[in-house]
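I opened the model to look up a few local features and the way the chains meet. My entries follow in the order in which I made them.

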Amino acid sequence: MPSNALLRWQNDRLVRLNAIDAQCDVVFALAPPNPELADEDLRGYTMILSAHWQGFCRDLHSECIQIVAAATPPAMQLMIQKQCLAGRQLDGANPSYDTIRKDFERFDFALTPVLDANPANALRITHLDHLNKWRNYAAHHSTRLPPAGGPFTLATVRVWRNSCDELAAELDRIMYNQLQAQCRGSRRNRSNLNA
Amino acid sequence: MPDASSQTVTPKLGDRVKLRHAAGMTGRIVELRGPLGPGGVEIYRVQLRRKPEPEYIEVRADQIEILPASN
């Protein structure tokens, strides 16, 4: 069952990104061409993609916290909710793979080996790394091009968006399975304690 | 008289709230996080005044009571 975070990604965030994509298409097809405006649009598209990706990851993380908290007695829920949120990097830092890994591994599992089980994820994580580097290039109006991930074109940003979409589904599936297993284990432990 | 758990007022951004099961801890709603709770329940991000830095918690509506606005 998809999380609400994934549903929002698919039904709201991707729709908004598609609208920006269509706008870029129009600007890139202008005759005569307007390369300055095209560059501004592409920088904007990259930053908005990164922002929505961060929003999805943060939403999914919050949803996981609530599932874990709901599996504990009411008197302990606030403690769980506060501890899971304390110092969460997704609240401020760029949504790099390292940020995501550190935050989701609070749920007591190693994310990288689980993602590595699907060989397609390696390229998606590389694209995520490129998105973050070019997002910084765009946001800071840097004149130094990142060493990898270019050329900075509409086609490239679309590849990053598709990788984010596929990673969103992967993260959603992984967290669903992870929390299902943990909640089952917690119920078993409770019944053992009560026996 | 309705008890606190039957509160039907929807929390809003900026509302002062008291956290249930938290020994009177209060805070302010700083973000409406959306339907991220179990079964699509709305979640609210609450800022707690702490020194030197504020702390944050994300809670369900049934975990908070809205406090009257203080002027």
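I looked up A:His141 and found this residue exposed, because 8 other C-beta atoms lie within 10 Å. The terms I use are these: a residue is buried if 20 or more other C-beta atoms lie within 10 Å of its own, exposed if 12 or fewer, and partly exposed in between, with C-beta atoms placed from the backbone. A:His141 sits in the loop between α6 and α7 of chain A. Its phi is near 45 degrees, a positive value in a residue other than glycine.

The model is predicted: local features need pLDDT of at least 70, side-chain atom pairs count only at pLDDT 80 or more, and totals for chains, interfaces and linings use all residues. Residues are numbered from 1 along each chain as its sequence is written, and chains are lettered from A and ligands numbered from 1 in the order in which they are written.

I stayed in that loop. A:Ser142 is found between α6 (121–139) and α7 (154–194) of chain A. Helices (H or I, at least four residues) and strands (E, at least two) are DSSP runs, numbered from the N terminus. A:Ser142 is exposed, with 12 other C-beta atoms within 10 Å. From A:Ser142 to A:Gln10 I noted 132 residues in sequence and 31 Å in space, C-alpha to C-alpha.

I noted the background: most residues other than glycine have a negative phi, and most peptide bonds are trans.

I then checked chain B for such features. B:His21 is not a glycine but has a positive phi of about 55 degrees. B:His21 lies in the loop between β1 (16–19) and β2 (26–34) of chain B and is partly exposed, with 13 other C-beta atoms within 10 Å. A cis peptide bond joins B:Lys51 and B:Pro52, with omega of about 5 degrees. B:Pro52 is in the loop between β3 (43–48) and β4 (55–60) of chain B. I also looked at B:Glu65, in strand β5 (residues 64–66) of chain B. B:Glu65 counts as partly exposed because 18 C-beta neighbours lie inside 10 Å.

Next I took chain A as a whole. Chain A has seven helices and zero strands. Its C-alpha trace spans about 80 × 30 × 30 Å along the principal axes. Of its 195 residues, 33% are buried.

How do α1 and α2 of chain A pack? Helix α1 (residues 4–28) and helix α2 (residues 35–70) of chain A meet at an angle of about 180 degrees, with axes 10 Å apart. Axes are lines fitted to C-alpha atoms, for helices over the stretch in contact, and angles run from 0 to 180 degrees between N-to-C directions. α1(A) and α2(A) are therefore roughly antiparallel (angles over 145 degrees).

In helix α4 (residues 97–104) of chain A, the buried residues are A:Ile100, A:Asp103 and A:Phe104. Seen down the axis of α4(A), they fall within an arc of 90 degrees, so they line one face of the helix; the arc is that of the directions from the helix axis to the C-beta atoms.

Last, I looked at the interface. 16 residues of chain A are in contact (C-beta atoms, placed from the backbone, within 7 Å) with 16 residues of chain B. α1, α2 and α3 (74–85) of chain A each supply at least two residues of the side that touches chain B.

Methods
Angles under 35 degrees count as roughly parallel, over 145 as roughly antiparallel, 65 to 115 as roughly perpendicular and the rest as oblique. Two residues are in contact if their C-beta atoms, placed from the backbone, lie within 7 Å.
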